[in-house]
Amino acid sequence: MKIAAFLTAALIGLSAVAQPKIVAHRGHWRTAGSAQNSIASWHKADSVGVYGAEMDVWMNADGGLVVNHDQTFKGVNMVNAKFAESTAVILDNGENLPSLDKYLATVAATPGNTRLVLEMKSLPTLEREDIAVAKIVDALKYYRLLDRTDIIAFSINACLEFKKQLPPYVPVYYLDGDLAPKKLKALGLAGADYHYNVIYKNPEWVKQAHDLGLKVNVWTVDKIEDMKKLIDMGVDFITTNEPELLKDVLAGKK
């Protein structure tokens, strides 16, 4: 009986360890007083106890770095506009669109373990991407956030440039979904951060990644049935616009 009880407890423990961690997509923005990629969205993600809050960084025409998802937002093109024009945009919760400096200062001033999941948006030229990477790395160093940051990008050029410029302990994940785990490993990346449909079409990639010591994140998962399916598939992280819903699913409340 004691052996059976021990084995049951061990299995429960392994199951708990295997649960994916939650990444709040564009912060926790589907809640009162928040907006996508706002300062409030960081605080609200931190307040609900997620693994990380994801955000997006553009480099403006004059080299400024701003936090926003869409290239064109409220009539302002983040690639072609100047920094002052971009940060003058008012978000839906009344905040100004944040600079990267303001966002990182907020993260640095927030105690706790919530990680920054920083997506660098692809830029028109590789040269501009390389400049943006260098600026982002400098900012992360300035705010002493290297050990609290995960990097993600659709551009393989940006991913590899981050690998060159960052210490090896900072994980860099690829987003585009077109590379198998073996290729990601050969490139020195930390793993795949793919749309869940990519993982549905290539379910063997989860085990392949794990066998290679890589992690698997999936985005953007907002439906309970998808959350449960991906949990069963053994992914490491789930990025969602509904972090509190995913918490309930993981706790068996949904």
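**Exercise 1.** Which residues does Ile-136 touch, not counting residues up to four places away in sequence?

*Solution.* Start with the ground rules. This is a predicted model, where local features need pLDDT of at least 70, side-chain atom pairs count only at pLDDT 80 or more, and totals for chains, interfaces and linings use all residues. Residues are numbered from 1 along each chain as its sequence is written, and side-chain values use heavy atoms, leaving out hydrogens and water.

Step 1. Contact means heavy atoms within 4.5 Å.
Step 2. With those sequence neighbours left out, Ile-136 touches Val-57, Leu-65, Leu-100, Leu-118, Met-120 and Phe-162.

**Exercise 2.** Describe how H5 packs with H6.

*Solution.* Step 1. Helices are DSSP runs (H or I, at least four residues), numbered from the N terminus. H5 spans residues 126-142 and H6 spans residues 156-165.
Step 1. Their axes lie 9 Å apart, at an angle of about 40 degrees. Axes are lines fitted to C-alpha atoms over the stretch in contact, and angles run from 0 to 180 degrees between N-to-C directions.
Step 2. Angles under 35 degrees count as roughly parallel, over 145 as roughly antiparallel, 65 to 115 as roughly perpendicular and the rest as oblique. H5 and H6 are therefore oblique.
Step 3. Residues of H5 in the contact include Ile-136 and Val-137; Phe-162 is one of those in H6.
Step 4. By class, the contact holds seven nonpolar, two polar and four charged residues. Here Ala, Val, Leu, Ile, Met, Phe, Trp, Tyr, Cys and Pro count as nonpolar, Asp, Glu, Lys and Arg as charged, and the others, Gly among them, as polar.

**Exercise 3.** Is Ser-86 buried or exposed?

*Solution.* Step 1. Find Ser-86 in helix H3, residues 83-87.
Step 1. Its relative accessible area is 0%, so Ser-86 is buried.
Step 2. Among the residues Ser-86 touches are Asn-60, Met-78 and Leu-97.

Conventions:
Helix = DSSP H or I, 4+ residues; strand = E, 2+ residues; numbered from the N terminus. Buried < 20%, exposed > 50% of the residue type's maximum accessible area, 1.4 Å probe, protein only.
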